Amino acid sequence: MCGHHKMFSNNKPYGSYDQLYGHELALTGDRFKEEGSTGYCEGVYIFVVLPTSNPFAYFTDHMGCAVKVRITKDRTVKHDALARGRDVRFAGTVEFKSGLLIRWCNGSGHYLPDANCCDQAPKAFTFNKYG
């Protein structure tokens with residue numbers, strides 16, 4: 001079941017991807033935070049969804065497959081750098097207020113994910129907040 005995802009390739013490769021940018025997204029109850037942070041997410045972030053074989057992953061997608069989510073608020077970092085140039089299951093923009101999900105979308109110029117593949121995003125990104 002988890003092997004039939006559409007993967008999105010980087011449409012605008014840029015140089016070296018040696019540096020790791022952003023943080024892994026974590027979920028505490030119904031609130032999101034950057035892994036290792038004591039505060040909750042606040043504001044607008046970009047995100048990428050990557051496959052993982054970690055059985056202890058924070059997230060599953062809407063099809064039940066484990067995924068990890070990397071995020072950043074740093075406007076100088078683009079989706080491709082966040083994913084280190086790798087293919088992704090989904091990419092976009094997400095907004096939080098006091099750690100609560102406000103909205104999310106497929107806004108990524110590097111990966112151009114199809115909106116009809118939003119079920120590959122984390123299940124915690126509920127469809128009623130998409131758009």
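From the N terminus on, the protein chain runs β-β-β-β-β-α-β-β, with helices (H or I, at least four residues) and strands (E, at least two) taken as DSSP runs numbered from the N terminus. Its radius of gyration is 13 Å, close to the 14 Å that the globule rule gives for 131 residues, so the chain is as compact as a globular protein of that length. That radius is taken over C-alpha atoms, and the rule is 2.2 Å times the number of residues to the power 0.38.

This is a predicted model, in which local features need pLDDT of at least 70 and side-chain atom pairs count only at pLDDT 80 or more, while totals for chains, interfaces and linings use all residues. Residues are numbered from 1 along each chain as its sequence is written, and side-chain values use heavy atoms, with hydrogens and water left out.

The structure holds ten aromatic pairs. Rings of Phe, Tyr and Trp (its six-membered ring) pair if their centres lie within 6.5 Å; planes under 30 degrees apart count as stacked, over 60 as edge-to-face and the rest as tilted. Two of the pairs involve tryptophan 104:

| Pair | Type | Centre to centre | Between the planes |
|---|---|---|---|
| Phenylalanine 90 and tryptophan 104 | edge-to-face | 5.9 Å | 70° |
| Tryptophan 104 and phenylalanine 125 | tilted | 5.5 Å | 55° |

Phenylalanine 90 lies in strand 6 (residues 90-97) and tryptophan 104 in strand 7 (residues 100-105), so their pair ties together parts 14 residues apart in sequence. Phenylalanine 125 is in the segment after strand 7, so its pair with tryptophan 104 joins parts that are 21 residues apart in sequence. Tryptophan 104 is buried at 0% relative accessible area, where buried means under 20%, exposed over 50% and partly exposed in between (1.4 Å probe, protein chains only).
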